[in-house]
Structures are given as structure tokens and as C-alpha cells.
Amino acid sequence: MAHDKGLDNVAVHWPRTNQYYDPVAPAEFVDFGAIADAPDIAAPTGALALHIAKTGTVRATAYTELVDLLLGLDGVLYATDAAAEDEDPVIDPDGCAWIAGGLERFVEGHEPHGDLVTFDTVARVMRNAVAAGRLAEQQLRWLDQRLSALRDDAGNAPHWSFARSELAILAGFYRRCAERGYAVFADY
């Protein structure tokens, strides 16, 4: 899915009470700021945590391909299903819980591969998870197709480089929204 503008996922009150969704006060995420000040925290992790603490928002553009691959759908963080159904690109609290759960399982499954998340380590983690499940052969074929589709015309993989802790913070944002009954508005 290609969008020309960047994507922000903004925490909003659910359900909306008027024509527009009311943003959640950043104070609801202020504790994320402490993560940014922790010693030995990866710079991208600290930057994401600080941005969430100050704005109640995730700049989601960098994570869209990864989240789509992990969750097996397209346009997850763009809330494309909700946009078609409700006219508003919103991820409801249950959707936030689903996104958080998928990211949390991935972060946990990636632990043996270290803190650097790349295209190759994502493929390994996903292959391990799929191989252990039902219908492993079909799911491995599906996974190989998804991974191939992410490569460019020359066969080069995406240049993903995330800290595992950064993805844990991303999961934490959606988990917080789910636990407190907030939705996420996809602003692009």
C-alpha cells in the first residue's frame, strides 16, 4: 500500500462523541518519557518513547510494512478496513489489542536473535513460528510469497533496522490504547 504522506497513529477517545475524534491528552502516555531517559536505551527506542510521551502519537510510516507482514494483512496501521466500513480510518480498542498482541509475540520470539531487527531476522522468527503451527506447509508458502513481494525489482530486501526494544515500545502504545479503551486515528 503506497501513500504519499507520512502516517501518524493518534490516540483518540472512543467512541467519538461529536463530528470529530477527541485526541487523548499526552499526559496519558507521560510514563513513556522515562524510557527515553533510561541508560543504555537504543536511540530510536528513546526517540519513539519520547514522541509518544509528548504527543500521544506514533509516527507509524516506518513500521507499516513490518506490521502488515507480522499480522498478515495490508494497511493495518492505515486502518484501511475501518476506512471502508466506517468512513473514518480508526483502529478501535479491540484492534489496538490485536496489534499489540502480534507485536508482543514477535518481540518475544525475536529474543534469541538479538536486539537488532532486520528483514532477515524477521523472516527467521516468522518461519519458526509458522513451522510450529497447523498447516505449516501452506503457511510457509504464504510467508515466502509475502517476503518475496517486499523485495525490490533487483531482489533486494527492505533495509529494516529496528531495535527490538523500539518494537516493544510500539506494542506498548497500542496496548495502552487497548487497556484504557482508546482508539487510534490514522492521520495521513
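Predicted model: local features only at pLDDT ≥ 70, side-chain atom pairs only at ≥ 80, totals over all residues.
In which sense, left-handed or right-handed, does helix α2 cross α8?

## Helices α2 and α8

Two packed helices are described by the angle between their axes and the distance between the axes. For α2 (residues 43-55) and α8, the axes come within 8 Å and cross at roughly 20 degrees. Angles under 35 degrees count as roughly parallel, and α2 and α8 are therefore roughly parallel to each other. The crossing of α2 past α8 is left-handed.

On the α2 side, the contact is formed by Pro-44, Thr-45, Leu-48, Ala-49 and Ile-52, which meet Ser-165, Glu-166, Ile-169, Leu-170 and Phe-173 of α8. Sorted by class, this contact comprises seven nonpolar, two polar and one charged residues.

## The enclosed helix α3

Helix α3 spans residues 64-71, and seven of its eight residues are buried, so the helix is largely enclosed by the rest of the structure. The buried positions are Thr-64, Leu-66, Val-67, Asp-68, Leu-69, Leu-70 and Leu-71.

These buried residues pack against the helices α5 (93-110), α6 (119-131), α7 (136-150) and α8 (164-180), and against strand β5 (162-163). After α3 comes Gly-72, which has a positive phi near 80 degrees.

## Thr-57 in strand β2

Thr-57 belongs to strand β2, residues 57-59. Its relative accessibility is 8%, so Thr-57 counts as buried.

Apart from neighbours within four places in sequence, Thr-57 contacts Asp-8, Asn-9, Val-10, His-51, Ile-52 and Phe-173. Two of these residues, Ile-52 and Phe-173, also take part in the contact between α2 and α8.

Definitions and conventions: Residues numbered from 1 in each chain as written. Heavy atoms only, no water. Buried < 20%, exposed > 50% of the residue type's maximum accessible area, 1.4 Å probe, protein only. Helix = DSSP H or I, 4+ residues; strand = E, 2+ residues; numbered from the N terminus. Contact = heavy atoms within 4.5 Å. Axes fitted to C-alpha atoms, helices over the stretch in contact; angles between N-to-C directions. Parallel < 35°, antiparallel > 145°, perpendicular 65-115°, else oblique. Left-handed = near helix turned anticlockwise from the far one by under 90°. Nonpolar A, V, L, I, M, F, W, Y, C, P; charged D, E, K, R; others polar.
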